[in-house]
Amino acid sequence: GDALSVADFGLLSATAYESQRTMKTALQHYFPDWSIRYSRVATNFSSQDALGDWTTFFEYADGLNTTSVFAIRGTDSALDLLNDINIWLPAFIIQGFSVAG
């Protein structure tokens with residue numbers, strides 16, 4: 001297949017934020033011979049299955065099956081935002097005290 005450009009990676013990344021209903025159409029619009037090989041959407045799992053893991057990602061593959069691209073969905077919901085705050089707040093506070101002296 002053709003080599004992917006930085007813009008292609010950007011489009012594949014943006015496609016990860018499409019809804020389940022529109023993702024295939026968006027992928028086909030920009031990459032006609034590509035398909036979704038695997039998807040893991042955190043909201044599709046019961047709380048027991050996703051215990052502590054809310055990762056959402058997709059594997060896209062070209063028609064010749066020679067190239068795969070994994071696109072990981074970042075902050076997309078209130079739960080994602082709370083996780084981001086939980087991760088980054090301690091570092092932010094420590095850095096703030098460091099700057100304040």
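Contact here means heavy atoms within 4.5 Å. The legends below describe a predicted model.

Figure 1. With residues up to four places away in sequence not counted, Thr56 touches Arg40, Val41, Ala42, Ala71, Ile72 and Arg73. The relative accessible area of Thr56 is 9%. Thr56 is therefore classed as buried, since the limit for that class is under 20%.

**Figure 2. Overview of the chain, with three helices and three strands**. Read from the N terminus, the order of elements is α-α-β-β-β-α. Of the 101 residues in the chain, 23% are buried. Among contacts with a separation of 6 or more, 44% are between residues 24 or more positions apart.

**Figure 3. The open sheet, with strand order E1-E2-E3**. Pairing among the three strands is antiparallel. Strand E1 (35-40) and strand E3 (68-73) are the edge strands; each has a single partner strand, so one side of each lacks a neighbour in the sheet. On average, and with direction ignored, neighbouring strands are turned by 20 degrees against each other. E1 is joined to strand E2 (residues 56-61) by five bridges, and these two strands run antiparallel. Ser39 has Phe58 in E2 as its bridge partner.

**Figure 4. Two helices and the sheet: H1 touches E2 and E3**, **and H2 lies across E1, E2 and E3**. Helix H1 comprises residues 6-15 and packs on the sheet. The direction of H1 makes about 50 degrees with that of E3. Helix H2 covers residues 23-30 and runs at about 140 degrees to E1.

**Figure 5. The largest nonpolar core, with 11 residues in all**. Its members are Leu12, Ala16, Met23, Leu27, Phe31, Trp34, Val41, Phe58, Tyr60, Val69 and Ala71. At least two residues of this core come from each of H2, E2 and E3. In soluble globular proteins, nonpolar side chains tend to be buried together. Leu12 is in contact with Leu4, Leu27, Phe31, Trp34, Tyr60, Val69 and Ala71, leaving aside neighbours within four places in sequence.

**Figure 6. The salt bridge between the side chains of Glu59 and Arg37**. The structure holds one salt bridge, and its N to O distance is 3.1 Å. Glu59 belongs to strand E2 and Arg37 to strand E1, so the pair ties together parts that are 22 residues apart in sequence. Side chains of opposite charge can pair when their charged atoms come close. Glu59 has a relative accessible area of 11% and is buried, whereas Arg37 is partly exposed at 39% relative accessibility.

**Figure 7. Asn65 in the loop between E2 and E3**. The relative accessible area of Asn65 is 54%. Asn65 therefore counts as exposed, a class that starts over 50%. Asn65 and Trp34 are 31 residues apart along the chain, and their C-alpha atoms are separated by 8.9 Å. Trp34 is one of the residues of the largest nonpolar core.

Conventions
Residues numbered from 1 in each chain as written. Predicted model: local features only at pLDDT ≥ 70, side-chain atom pairs only at ≥ 80, totals over all residues. Heavy atoms only, no water. Pairing = 2+ DSSP bridges. Helix = DSSP H or I, 4+ residues; strand = E, 2+ residues; numbered from the N terminus. Axes fitted to C-alpha atoms, helices over the stretch in contact; angles between N-to-C directions. Buried < 20%, exposed > 50% of the residue type's maximum accessible area, 1.4 Å probe, protein only. Core = buried A, V, L, I, M, F, W, Y, C linked by side-chain atoms within 4.5 Å. Salt bridge = Lys/Arg side-chain N within 4 Å of Asp/Glu carboxyl O.
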